[in-house]
Amino acid sequence: MAPTVSLSTKLAAEFIGTFLLVFTVGCNVLSANAVWGGVSIACVLMVSIYALGGISGANFNPAVTLSIALSQASGGAGMDWKTAGMYMGVQFLAGLCASISYSVLFWNTFNLAPAPGFGFVSTGLCELLYTFMLCFVVLNVAVAKGTAGNSFYGLAIGFVIIAGAYGAGSISGGCFNPAVAIGIDVASAGLGFGWCIYYVMCEFLGAAAATGLFMAVRPEDFGKEASPHSALVSEFLGTFMLILTVGLNVLGSSKAGAFSIAASLMSMIYALGDVSGAHFNPAVTVAILVSGRCEADLPPARAGAYIGAQLAAGLVAGACYTGIYGGSFAIAPGASHTLLQASIAELVFTFVLCFVVLAVAVSSTTKDKTMFGLAIGSCVTVGGNAIGAISGGSLNPAVTFGLACAGVSAGQTILAPIIYCLVELAAGAGAAVTFKATHSVDLEDSGVKDPLKESV
């Protein structure tokens, strides 16, 4: 029987973790660490979660605590309201102490406010959507029954910060945490005070939305029958957050765009992999369908429904980031590069992505139950940096479709997106054929004859 941790010990753990998080935020901002700041903040959250998760659950965020309490109140696993209230109180106190501490350390501070040119709507959407993502990932990797006992929870949660910090940080500052928002605003009261009230409202709304959609994708965790629509909701949400992060990074001229986009993909894969398979990409869906290894779970009709959900998510995400920025961009080959060069680039690195998905998530021989999300997400880091200047590094027909629809206002032409989509789908099919050849041992181990080998 596991030893019981006292409430006072849990509250001490929450204080320590929240203090370290908010203190790290302040130090990075005051050091003007624009390139690595988001990674630094994400990593302090990740290591603190691994260090203290077994003690208090490692919430370190009143919005996270609210989403977990709402989960229990709705009939699922979570936390009672009394404990949640005490957690929140300690988190707010830690945020205040940390903000005062970094202000004294630097003998300087900074104000909480939207970036110049952005108002209530854009700021509120950024805080709501990425607080939603953070709480949603927490619920799926640390509360859900289907992912119980996993070792990737800290990595998945921490990397949400990388997704949001570089995407939305240039608009709202990227708090995604009421303890961060209030701490910063109080410590900088001499420069102005009040935005924290709006930030906290949006963050709590994001937390509530996370619990509601957590119930939608995992109804069985709440004593309800599993729904065939859960997988489609899963595919929509994962694709939406991916493409939203793409658009915000591009429009914000992010210094770590590919890494931020990869982090969003990785976190949502860990959150929803056991719900829908976490394709979030029509090329991946085609690759899995063509591989023939998941015929029972992914018949052609379901594959078509998945692709429909992914494309719909791309359309909505494109409209969302366009609304936040009040403008968009066209998807096309980079300056001095031809459509042929861009097509070859998309073909090669979409192949890499789809092949890795098949190898680490489908193959019985090379499947990895812990590192699969990091491996798949890293393909976006690879491709985004390698060919971003050539083609934009879409690697995903849903991304291409969403960006193209949103880019109409920026003079988007139709030829490049169509060629991109066709090439990306072909890359998915090519990855499946290659996978059948390189991983035929999967069929040999199961006693099933490999038709590819039999034909030789």
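Visitor: What volume does the second largest pocket have?

Guide: Before I answer, please note that this is a predicted model, in which local features need pLDDT of at least 70 and side-chain atom pairs count only at pLDDT 80 or more, while totals for chains, interfaces and linings use all residues. Residues are numbered from 1 along each chain as its sequence is written, and side-chain values use heavy atoms, with hydrogens and water left out. On a 1 Å grid over the protein atoms alone, a pocket is an open set of points where a 1.4 Å probe fits, with protein on both sides within 12 Å along at least five of seven lines. Grid points are joined across faces, edges and corners, and a volume is the space filled by probe spheres set on the points. For the second largest pocket the volume is about 870 Å³.

Visitor: Which residues lie nearest the centre of the second largest pocket, and how many residues line it?

Guide: Lining residues have an atom within 4 Å of a point. The second largest pocket has 43 of them, and Val29, Ala165, Gly169, Gly173 and Gly174 lie nearest its centre. Helices are DSSP runs (H or I, at least four residues), numbered from the N terminus. Two or more lining residues come from each of helix 1 (7-30), helix 2, helix 5 (120-143), helix 6 (153-167), helix 7 and helix 8. Helix 2 gives the largest share, 5 residues. In these classes Ala, Val, Leu, Ile, Met, Phe, Trp, Tyr, Cys and Pro count as nonpolar, Asp, Glu, Lys and Arg as charged, and the others, Gly among them, as polar. The lining has 26 nonpolar, 16 polar and 1 charged residues.

Visitor: At what angle do helix 1 and helix 2 pack?

Guide: Two packed helices are described by the angle between their axes and the distance between the axes. Axes are lines fitted to C-alpha atoms, for helices over the stretch in contact, and angles run from 0 to 180 degrees between N-to-C directions. Helix 1 and helix 2 pack at about 175°, their axes being 9 Å apart. This makes helix 1 roughly antiparallel to helix 2, a term for angles over 145 degrees. Contact means heavy atoms within 4.5 Å; the residues that make it include Gly17, Leu20 and Leu21 of helix 1 and Ile41, Val44 and Leu45 of helix 2. By class, this contact has 10 nonpolar, 8 polar and 2 charged residues.

Visitor: How do the axes of helix 10 and helix 11 cross?

Guide: The axes of helix 10 (residues 230-251) and helix 11 (residues 257-276) cross at roughly 175° and come within 9 Å. Helix 10 is therefore roughly antiparallel to helix 11. Among the residues in contact are Leu237, Gly238 and Met241 of helix 10 and Ile261, Ser264 and Leu265 of helix 11. The contact divides into 10 nonpolar, 9 polar and 1 charged residues.

Visitor: Is Trp81 buried, exposed or partly exposed, and where does it lie?

Guide: Buried means under 20% relative accessible area, exposed over 50%, and partly exposed in between, with a 1.4 Å probe and protein chains only. Trp81 has a relative accessible area of 45% and is partly exposed. Trp81 lies in helix 4 (residues 81-106). Neighbours within four places in sequence aside, Trp81 touches Leu66, Ala69, Leu70 and Ala73.

Visitor: Which residues other than glycine have a positive phi?

Guide: One of them is Ala58, with a phi of about 55°. Ala58 lies in the loop between helix 2 (37-56) and helix 3 (62-73), and is buried at 8% relative accessibility. Phe176 likewise has a positive phi, near 55°. Phe176 lies in the loop between helix 7 (169-172) and helix 8 (178-187), and is buried with a relative accessible area of 1%.

Visitor: How many residues of helix 16 are buried?

Guide: In helix 16 (residues 397-406), 8 of the 10 residues are buried, so this helix is largely enclosed by the rest of the structure. The buried residues include Pro397, Val399 and Leu403. The buried residues of helix 16 pack against helix 10, helix 12 (282-291), helix 13 (300-325) and helix 17 (415-438).

Definitions and conventions
Parallel < 35°, antiparallel > 145°, perpendicular 65-115°, else oblique.
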